Amino acid sequence: MAHTNACDHEHDNRGLAGDTLTRLLAAAEARCERAGQRLTAPRRRVLELLLQVGQPVKAYDLIAAFGDDGAPAKPPTVYRALDFLSKQGFAHRIESLNAYIACGGDADGHGAAFLICDCCGVTREIAPTGTQEIERMANGEGFILTTLTVEAHGLCQDCRS
Ligand SMILES: [Zn+2]
Ligand SMILES: [Zn+2]
Ligand SMILES: [Zn+2]
């Protein structure tokens, strides 16, 4: 499920495994409970896959990797889980890549910003400055924001050299 790199140099892998992964999944479970929600098995599995990759993943790759036994999931199962995870702030949809990524922060707000490398695809979540401003302007227009995602494309440090 690794994404394909256009270049041949090494990129640091931000995927999670072992204790860190277990801890984050437990924290997500606790956060759901506090919000009166349930991290059901499919939701948990999709979040686990997103955290393991640590980079944007396309829905069809999640569907293919879903089963522990190698069996693919029913697509609606994964789409519904992604919908839940996005709404609860555990994941973000990256429109320009048509992919999803686990949230790198723990904010419940709907603002998020990403630096996306067009060469290797490495995507990093950064603090979304300026989104409060947009939110304020939206509110002024009587517009209710549900998501606000900044997708900045360019070249990462590895790919520049
Ligand atoms: Zn986030
Ligand atoms: Zn790169
Ligand atoms: Zn590169």
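Predicted model: local features only at pLDDT ≥ 70, side-chain atom pairs only at ≥ 80, totals over all residues.
Trainee: Let's start with H1. How many residues does helix H1 have, and how far does it reach?
Mentor: Helix H1 covers residues 18-34, which is 17 residues. From first C-alpha to last, H1 reaches 25 Å. That is close to the 24 Å expected at 1.5 Å a residue.

Trainee: Which residues of H1 are buried?
Mentor: Leu21, Leu25, Ala28, Arg31 and Cys32. They sit on the same side of H1, because they cover an arc of only 120° around the axis.

Trainee: Why would residues spaced like that point the same way?
Mentor: An α-helix has 3.6 residues a turn, so residues three or four places apart point the same way.

Trainee: And which residues are exposed on the other side of H1?
Mentor: Asp19, Thr22, Arg23, Glu33 and Arg34 are exposed there.

Trainee: What do the buried residues of H1 pack against?
Mentor: Two helices: H2 (41-53) and H4 (75-87).

Trainee: What follows H1?
Mentor: Glycine 36 follows H1, and its phi is positive, near 75°. H2 is also followed by a glycine with positive phi: glycine 54, near 75°.

Trainee: On to H2, then. What is its span?
Mentor: H2 has 13 residues and reaches 18 Å between its end C-alphas.

Trainee: Which residues of H2 are buried?
Mentor: Arg45, Val46, Leu47, Glu48, Leu49, Leu50, Leu51 and Val53. Note that Arg45 and Glu48 are on that list. The buried residues of H2 pack against H1, H3, H4, E1 and E2.

Trainee: Why does valine 53 count as buried?
Mentor: Its relative accessibility is 17%. The cut-off for buried is under 20%, so valine 53 falls inside it.

Trainee: How far is valine 53 from phenylalanine 66?
Mentor: They are 13 residues apart in sequence. In space the C-alphas are 13 Å apart.

Trainee: Now the cores. How many residues does the largest nonpolar core have?
Mentor: The largest has 26 residues. Those with the most contacts inside it are Val46, Leu47, Leu50, Leu62, Val78, Leu82 and Leu85.

Trainee: Which elements give two or more residues to this core?
Mentor: H1, H2, helix H3 (59-65), H4 and strand E2 (99-102). H2 gives the most, with six residues.

Trainee: What about a second core?
Mentor: A separate one has six residues. Among them are Cys7, Cys120, Val122 and Cys156.

Trainee: Switching to strands. How do E1 and E2 pair?
Mentor: E1 and E2 are antiparallel, joined over four bridges. Arginine 93 has tyrosine 100 in E2 as its bridge partner. The two strands form a hairpin with four residues between them.

Trainee: Which residue in that turn has a positive phi?
Mentor: Asparagine 98, at about 50°. Asparagine 98 is not a glycine, yet its phi is positive. Most residues other than glycine have a negative phi.

Trainee: Is asparagine 98 buried, exposed or partly exposed?
Mentor: Asparagine 98 counts as partly exposed, because its relative accessibility is 45%.

Trainee: And the three-stranded sheet: what is its strand order?
Mentor: E4-E3-E5, in an open sheet with mixed pairing. The edge strands are E4 (123-126) and E5 (148-154), and each pairs on one side only. The twist averages 25° from one strand to the next.

Trainee: What happens between E3 and E4?
Mentor: They form a hairpin with five residues between the strands. Glycine 121 there takes a positive phi near 85°.

Trainee: Last one. Why is E3 described as largely enclosed?
Mentor: Five of the seven residues of E3 are buried, so E3 is largely enclosed by the rest of the structure.

Terms used:
Residues numbered from 1 in each chain as written. Chains lettered and ligands numbered in written order. Heavy atoms only, no water. Pairing = 2+ DSSP bridges. Axes fitted to C-alpha atoms, helices over the stretch in contact; angles between N-to-C directions. Expected span 1.5 Å × (residues − 1). Buried < 20%, exposed > 50% of the residue type's maximum accessible area, 1.4 Å probe, protein only. Arc of directions from axis to C-beta. Contact = heavy atoms within 4.5 Å. Core = buried A, V, L, I, M, F, W, Y, C linked by side-chain atoms within 4.5 Å.
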